[in-house]
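This report concerns the packing of helices and of nonpolar residues. Please examine the sequence and the structure shown below before reading on.

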Amino acid sequence: MKRKNHDTLDIQLNWPGKSAPNDYTPPGFKVVETIGVMDNAERNRLYLGDNKNVIAGLLQTEFAGRVKLIYIDPPFGIGSDRHIEAGDGIDARKAYTDKWGNNLNTYLQMMQERLSLMKDLLTADGSIYVHLDYHTSHYIKIIMDELFGRDNLVNQIIWQRTGAHNDPLAFGRNYDIILFYQKSAGRIWNKPFADYDEAHLKRYFKQDADGLWFRLNNPAGKGYQDHTRNFGKGPVKPPRDRHWSVTQSQIDKWLAENRIVYTGSGYPFVKKYLDELPGKPVQSIWTDLIPPRASRELTGFPTQKPEKLLERIIKASSNPGDLVADFFCGSGTTLVVAEKLGRRWLGCDSSGVAVKIAKERLLKVRDAKGFEVLG
Ligand SMILES: C[S@@+](CC[C@H](N)C(=O)[O-])C[C@H]1O[C@@H](n2cnc3c(N)ncnc32)[C@H](O)[C@@H]1O
């Protein structure tokens, strides 16, 4: 029997009322407030309005194809005002609008239209991170595959958002899902590293007499080559199937620094100290960014995300001076972090309270550049 090539199957998600995004003329936005001094034409902008209109409008300007990174944290379409806890005089019910309620069809239509517009805003080396949870992530994954191409999924990131969750009849639902897609190959990528945790240190590192942590690196690479090196005990051949991957002058330097250690294997290794290593490459399950219960950055806005989460994403997928956007910006976490990291930014929210909070947060960023509020 001939097997089907599944890669050539045209898999699409359908829902009642699915329609392709149609061309339309979005309503214009006016500058309602100018804050601070702006030094160039590509100003930071905070929009109050439906992001469909905002993005469609931006696509008709010089911003089309100019955004390096989009992070969005849309409502999950679960119909509940989860995390509603008003604080600091904020009426959370007004701050957070989730008008798609429980209707998955209208939610998916809404998301498809906006994701398709966002794609056209991205540069060829741009990336998009879509923050979701288990209610909708698998549906949105299929829509993203359709729009961006399956091969352009870079990671499904699991972000642990709380320590333990007591869901009486289920395993604790303690994480969100972030889908990370690139517009095309060759995206910006600044590989992130995290500090080694204690368990990792104890397992893979040793401490020297001064209490400094070090790891033993193998100076022999894969593949046999019949040459010798002197690691301080006369010429030695590499182990089986290996070759010495370092020059003699490098070894002499290490010998002078007292870094060569012979292990029980009879072969030499090189001491690498903790402060010489970049850290542990960050994996796609993020358990180290759980938001603290109390923090100065908390505004009382429901669903506010921690700055550290955005810091990791913005640093990994953009460079200083790049344009970063969040079209469901809520309390403005992405914009605040983008500003702190020297990126330019575009933000939007349909809630007046959200825009007000975002504006207030941005005003508190030290040495922030100017921005415009449009509505
Ligand atoms: C989950 S919250 C974002 C929280 C944000 N990441 C933060 O750190 O504060 C989603 C936001 O999307 C906004 N929103 C929902 N539909 C929108 C639309 N069509 N256009 C613009 N904003 C929208 C809501 O008002 C809400 O503030």
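At what angle do the axes of helix H7 and helix H8 cross? The model is predicted: local features need pLDDT of at least 70, side-chain atom pairs count only at pLDDT 80 or more, and totals for chains, interfaces and linings use all residues. Residues are numbered from 1 along each chain as its sequence is written, and side-chain values use heavy atoms, without hydrogens and water.

**The helix pair**

The axes (lines fitted to C-alpha atoms over the stretch in contact, with angles from 0 to 180 degrees between N-to-C directions) cross at roughly 60 degrees and come within 9 Å. The contact (heavy atoms within 4.5 Å) is made by the residues below.

| Helix | Range | Residues in the contact |
|---|---|---|
| H7 | residues 307-317 | Glu307, Leu310, Glu311, Ile314 |
| H8 | residues 333-340 | Thr333, Thr334, Val336, Val337, Ala338, Lys340 |

These residues of H7 and H8 divide into five nonpolar, two polar and three charged.

**The nonpolar cores**

A nonpolar core is a set of buried Ala, Val, Leu, Ile, Met, Phe, Trp, Tyr and Cys residues joined through side-chain atoms within 4.5 Å, where buried means under 20% relative accessible area with a 1.4 Å probe, protein chains only. The largest has 39 residues, of which Ile128, Ile140 and Phe327 touch the most other members. Helix H3 (104-121) is one of its suppliers, and H3 gives the most, with eight residues. Apart from this core lies another, of 30 residues, among them Trp286 and Leu362.

Conventions
Buried means under 20% relative accessible area, exposed over 50%, partly exposed in between (1.4 Å probe, protein chains only). Helices (H or I, at least four residues) and strands (E, at least two) are DSSP runs, numbered from the N terminus. Ala, Val, Leu, Ile, Met, Phe, Trp, Tyr, Cys and Pro count as nonpolar, Asp, Glu, Lys and Arg as charged, and the others, Gly among them, as polar.
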